[in-house]
Amino acid sequence: MSIKKVELLAPAGDFACFRAAVNAGADAVYLGGGQYGARAYASNFTKDEILEALRIAHLFGRKIYLTVNTLIKEQEFENLIPYMRPFYEAGLDGVIFQDVGVLEYFRENFPRLELHASTQMTITGAYGAAYLKKLGVCRVVPARELSLDEIRDIKEKTGLEVECFVHGAMCYAYSGQCLFSSILGGRSGNRGRCAGPCRLPYTDNKGRKQYPLSLKDLYTLPMLPALIQAGVDSFKIEGRMKRPEYVAGVTAIYRKYIDLYLENPDRLYKISAKDEQCIRGLYIRSDTCGGYYQNHNDKSMITLKEPGYSGSVPEVIDAVREKYLSKNILLPIVGTAKIYAKEPAELTFEQADISVTVKGDLVSPAVNRPLTEEDILQKLGKLGDTFFSLTKLTIDTDHGSFLPVKALNELRRAACSELEKKCCERLQSVDKKGWHFLEDLRYKRNDCNQETNVVCVLVTTAEQLLTANSFSGVRRIYVDADLLLKGKLSEECFLPEKQYILALPYIFRKRSYLYIDTYKKIIDSGQFSGVMVRNFEELEWLNTIGYTGEICSDYTLYTWNNAALQFLAKQCSQITFPLELNQKELEKLTVDSNVVFVLYGYIPLMFSANCVKKTLEHCINNSTGTNNRYHLTDRYQNDITIVQNCAHCYNILYNTVPLSLHKQLAQILKKNYQALRIDFSIEDKQQTKAVLEFYFNQITCPETEITVKFPLGEFTNGHYKRGVE
């Protein structure tokens, strides 16, 4: 049975962790610098440390991937290229990114740099992966929620390298689609500053105080063969906030079992009790689970009891320190020295299949005491602080010659320097110019005299749609596509004077493929003038079916900077501004495309594959229902509404109060955005009507002090004033 070699990718939050990863056998290390990385609270690396890490890694035949996996504000783009250039010139092996604006910049400025799509991009299937491949991406880190079957599908249909997490802490939400920490405390997960609200206690419908949003740590050692057979190219260990002992210990054990399996795939694969005990003694959070590879969701993945590190076993930590941290690994080399009078001294060093020969000063005939072999060995064998260990030196000498100690030292240093250079050249970045780049720029910029401040409404229930229809001022309505799956809408629900946009699901996975024929029939019916996409999966699916109509992007496709905005404008005729930028940051974005600004709505705090209701009660599997809801109460007695989307099997956790920017409406209207959006999700008919009446009164007299109070009571300004760090 022939099985390909796979990469073991270890984390490093600082230089000590980097050395621990190398010593323990990692094939590659991912790390972050002082900027742009999604672990803002890790020690991270200075510029010089990254350059030194690159030198050491390449010397040992290992790779370095730099994390630039946050969303980047417009004012931060100025320093992006100068920040990256030294690492690119030093042979950086790859960059992990989230922001499509960053992708555009790197593709243009660093054509030989491998581009790895972060799990923060929420790639959930072959459609999204294929889309990124067109953009020059060579590796994708898909959503952690994917099954082995979905991973296999990505690999077989795209041929991209697939990198998957195999060990460590897990987010409850789809990575990149979580605003929980951001909305509650201003610390954005999209900026590497998550405060971890999913680790807090919540009270359920029965009054039980539990931890229903806290996932156990991922542990996949028993399923490594299945992951390899599914086509995973890189096994990624989570932990850039972890200690060197964790990095070394976990890396060493995964290294052991990967090698054991690859050496003989037909041999019985079994984890020893000793190794099982060892890995559980390395800072495990409460307990472990196998993740989503074999379960779509499950109560067994949740801690429920208070999460926290169960500590570490002192004996395990001491053993790891002794074996991997007390001394650094060295490359064994052999050498040959040739010392003959009246000839240049010559020294050859060999490491594996690499050989270098250097020549030194002219050797003199000995006047008094000639150099002995012991003298030569003593001087040439002192490799000092190099990364080499001389295991054998063959000496060829005439026994009648002399060379000063300084000359012998220079000969040794020159040979070590040349050998290090050649070893580092073993890894060369692959030129990615051959990748096909997306060139289909289907949409032209619209006329600048187009109508502005058009009020549009997003609806998720039939009664919200009927209510929106009753308002003459509502010209455009985004309709949740799943309403049509449920048979809740008749033709009478659609009025000829209104414009309707089909809003596709927030999460689009292989399970959703059950409905794509229905979606296509709906699109082809002519009932809808456009389609709203929430992710790259849907954008590529529309490409594959030859759709040429209007495409609108939701705020879940992030445009934090002009590069991202302009990129998305090439494929979408309408773009919704993100929710995490403040007023000043939004004003830095050049509005040369049709922009939608969200005025009102309950903000989705997160989207999750795990189901709160299934965890705390049972699975309702109500794919035809409209109000699948559950409630949690936080520590401040605020009610969090959770909607179960059973058709696509994901949860949406909504903020406790709605976003409402009615107090800022006058200045927003002056910006003349193409559309102002009012989003309805968990509101009933009366609340929907009250909000629409309130906003139309406000829009009619934006400069006038209106005494009517906001109809739903409490509200939030979101990030319009404060923004995120």
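Strands β3 (residues 63-68) and β4 run parallel and pair over four bridges. In that pairing, Leu66 sits opposite Val95 of β4. Keep in mind that you're looking at a predicted model. Its average pLDDT is 91, and 93% of the residues score at least 70.

**Around strand β4**

- Together with helix α3 (residues 80-89), strands β3 and β4 make a right-handed β-α-β unit.
- From β4 the chain crosses through helix α4 (residues 100-109) to β5, and that β-α-β crossover is right-handed.
- β4 also pairs with strand β5 (residues 115-117), in the parallel sense and over three bridges.
- Val95 turns up again here, standing opposite Leu115 in β5.
- Are the faces of β4 (residues 94-97) covered or open? Both are covered: Gly94 and Ile96 are buried on one side, and Val95 and Phe97 are buried on the other.

**Helix α6 and what it packs on**

- Helix α6 covers residues 148-158, and its buried residues are Leu148, Glu150, Ile151, Asp153, Ile154 and Thr158.
- What do those buried residues pack against? Their partners are α5 (126-134), β6 (139-140), β7 (161-168) and α8 (224-229).
- Just after the helix comes Gly159, with a positive phi of about 75 degrees.

**A four-stranded mixed sheet**

- Another spot to look at is an open sheet of four strands, ordered β16-β15-β14-β18, with mixed pairing.
- β16 (354-362) and β18 (388-397) each have a single partner strand, so these two stand at the edges, with one side of each left without a neighbour in the sheet.
- If you ignore direction, neighbouring strands here are turned by 20 degrees against each other on average.
- Helix α12 (residues 373-380) packs on this sheet and touches β14, β15 and β18; the helix direction makes about 150 degrees with that of β18.
- Helix α13 (residues 405-424) lies across β14, β15, β16 and β18, and runs at about 155 degrees to β16.

**Strand β14 and its partners**

- As background, strands of a sheet pair through backbone hydrogen bonds, either parallel or antiparallel.
- β14 (residues 331-339) pairs with β15 (residues 344-351) in the antiparallel sense, over five bridges.
- β14 and β15 form a hairpin with four residues between them, and Lys342 in the turn has a positive phi of about 70 degrees.
- With β18, β14 runs parallel, and nine bridges join the two strands.
- Leu331 has Phe388 in β18 as its bridge partner.
- In a regular strand, side chains alternate between the two faces of the sheet.

- Most residues other than glycine have a negative phi.
- Ala352 isn't a glycine, yet has a positive phi of about 55 degrees.
- You'll find Ala352 in the loop between β15 and β16, where this residue is exposed, with a relative accessible area of 64%.
- Asn672 isn't a glycine either, and has a positive phi of about 55 degrees.
- Asn672 lies in the loop between α21 (665-670) and β32, and is partly exposed, with a relative accessible area of 42%.

- Asp679 is found in strand β32 (residues 675-679).
- Is Asp679 buried or exposed? With a relative accessible area of 6%, Asp679 is buried, because the cut-off for buried is under 20%.
- The side chain of Asp679 makes a polar contact with the side chain of Arg677, at 2.6 Å.
- Apart from neighbours within four places in sequence, Asp679 is in contact with Leu458, Tyr555, Val598, Tyr600 and Gly601.

**Where to be careful**

- Over residues 438-449 the pLDDT stays under 50, and the model has 24 contacts for this stretch beyond four places in sequence.
- Where pLDDT is low, the predicted coordinates should not be read in detail.

How values were computed:
Residues numbered from 1 in each chain as written. Predicted model: local features only at pLDDT ≥ 70, side-chain atom pairs only at ≥ 80, totals over all residues. Heavy atoms only, no water. Buried < 20%, exposed > 50% of the residue type's maximum accessible area, 1.4 Å probe, protein only. Polar contact = N/O pair within 3.5 Å; in protein donor to acceptor, adjacent residues only side chain to side chain. Contact = heavy atoms within 4.5 Å. Pairing = 2+ DSSP bridges. Right-handed = clockwise from strand over helix to strand, strands pointing away. pLDDT = per-residue confidence, 0-100. Axes fitted to C-alpha atoms, helices over the stretch in contact; angles between N-to-C directions.
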